[in-house]
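This report concerns pairs of charged side chains. Please examine the sequence and the model shown below before reading on.

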Amino acid sequence: MIFVKRFFSAFLAASILFTGSVQTVQAAMISSAQVADSVFSSAADQDRARIITALSRQDVQAALIEHGIDPAQARSRVATLTDEEASAMATQIENAPAGSGIIGAIILVFLVLLLTDILGFTKVYPFTRSIR
């Protein structure tokens, strides 16, 4: 039992001795401007990366060339955008419709014409019977 106590006390003393030398920390005050710059620059870099990814697609490059714009020049101009401009453009790219609205419009027109046929205002579809 004495051997276990001596071993444990030696182990504990060594642990405490090495704890002070291992944990050295350097701390300094940072300004809120530095924090804001690091947060906003990373968000702006992500926005620019999204724009570059969109410009790298083949269909987008073909459309740029069709309109007389060099894709390499477009990428270089993305790099010169301000943070606000890059954020606005990335938001526009994400929110832009991808052609799915045309199907909804066609279905809406079909349903409106069907309803007017059923109510007897028009006669577009031969398979409907007017309620009048």
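Which residue forms a salt bridge with Arg50 at 2.3 Å between the closest N and O atoms? The partner is Glu94. A salt bridge here is a side-chain nitrogen of Lys or Arg within 4 Å of a carboxyl oxygen of Asp or Glu. Glu94 belongs to helix H5 (residues 83-95) and Arg50 to helix H2, so their contact ties together parts that are 44 residues apart in sequence. Helices are DSSP runs (H or I, at least four residues), numbered from the N terminus.

The model is predicted, with local features needing pLDDT of at least 70 and side-chain atom pairs counting only at pLDDT 80 or more, while totals for chains, interfaces and linings use all residues. Residues are numbered from 1 along each chain as its sequence is written, and side-chain values use heavy atoms, leaving out hydrogens and water.

Across the whole structure, four salt bridges are found, including these:

| Salt bridge | Closest N to O |
|---|---|
| Glu94 and Arg50 | 2.3 Å |
| Asp59 and Arg57 | 2.7 Å |

Asp47 and Arg50 are three residues apart in helix H2 (residues 32-55), a separation of about one helical turn.

In the pair of Asp59 and Arg57, Asp59 is partly exposed at 46% relative accessibility, and Arg57 is partly exposed at 45%. Through shared partners, salt bridges join Asp47, Arg50 and Glu94 into one network.

Conventions
Helices (H or I, at least four residues) and strands (E, at least two) are DSSP runs, numbered from the N terminus. Buried means under 20% relative accessible area, exposed over 50%, partly exposed in between (1.4 Å probe, protein chains only).
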